[in-house]
Amino acid sequence: MGRSHDSRIHADGADDLLRLPLEDGRTAAVGTGVPCAAAMLAQRTHAPSLVILFEAGGVAPQLPTMPISVGDSRTFYRGLMATSMADIMETCQRGMVDYTFLGGAQIDAYGNLNSTVIGADYARPKVRLPGSGGANDLASFCWRILVVTSHDRRRFVEKLDFLTTPGYLTGPGAREAVGLPPGTGPYRVVTDLAVLGYHETTRRMQILSLHPGASLEQVRAATGFALGAADELAVTIAPTAEELHVLRTEVDPHRYILDRSPG
């Protein structure tokens, strides 16, 4: 089966802008930590048929509790398949995965990520990081890239120290020019201050909504490159009481994720 654009990925609407997608019936490649928590919350609330894929081979598990790695036995619990990394990557290449969650030490205005080294000298870096893992493959072939990260100038940089994972590379048409599938690329960046997206024409990152209590000036001051904003800047919809209850009692009762952030 050849890949083609998934018509289920619709044009942005108000709800799309203000909440993470992960709609019912979608497919999402996730890792551990916050991405896994987001997927578990979605399964337990509005998206019971969300198909979760883990890099190590778990397909469509009904996660009982928070796994500690992508190869944890819980990532196969009541799943449709216990397969391999090769099969997961082939599924992405065939255009069958709607979303992927990624992260990194640095991100630039076009959504490119660095998870390899900090410092100008690759042989003698200031910090050597874990590297790509499957991130390059996932970013290259999944339809939409979601990033969750803290918002500060060390992470949001004008120029990456190393390009590990492709976003929109140098701008419009650059992904397609190097052979990546048309219609794929960065979609949302969710930070502790705002929800960010990408301008349809320039492909540069821009602010879509501010979290309650955050200001436009605060977000821009925490960003190391010029950051635009949507014409109609919104306020991020706060989690509901039900969502908070599910997060605290079912998804992360031991506070592996929740206690890492203030509040």
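These legends go with a few views of a predicted protein model. Local features are reported at pLDDT of at least 70 and side-chain atom pairs at pLDDT 80 or more, while totals for chains, interfaces and linings use all residues. Numbering starts from 1 along each chain as its sequence is written, and side-chain values use heavy atoms, with hydrogens and water left out.

**View 1. The whole chain and its fold.**
The protein chain carries 7 helices and 14 strands; these are DSSP runs, with helices being H or I of at least four residues and strands E of at least two, numbered from the N terminus. Of the contacts with a separation of 6 or more, 61% join residues 24 or more positions apart, a contact being heavy atoms within 4.5 Å.

Buried residues come to 48% of the 263 in the chain. Here buried is under 20% relative accessible area, exposed is over 50%, and partly exposed lies in between (1.4 Å probe, protein chains only). The chain exposes about 12,800 Å², with carbon and sulfur atoms supplying 55% of that; areas come from the Shrake-Rupley method with a 1.4 Å probe, and for residues only the protein chains shown count as cover.

Side chains of opposite charge can pair when their charged atoms come close. Arg26 and Glu23 make a salt bridge, with 3.2 Å between the closest N and O atoms. The term covers a side-chain nitrogen of Lys or Arg within 4 Å of a carboxyl oxygen of Asp or Glu. Both partners, Arg26 and Glu23, are buried. The structure holds 5 salt bridges.

**View 2. Asp152 with two arginines.**
Salt bridges link Asp152, Arg154 and Arg155 in a network. Asp152 meets Arg154 at 3.8 Å, N to O, and Arg155 at 3.9 Å, N to O. How exposed is each of them? Asp152 has a relative accessible area of 19%, so Asp152 counts as buried. Arg154, at 69%, is exposed, and Arg155, at 29%, is partly exposed.
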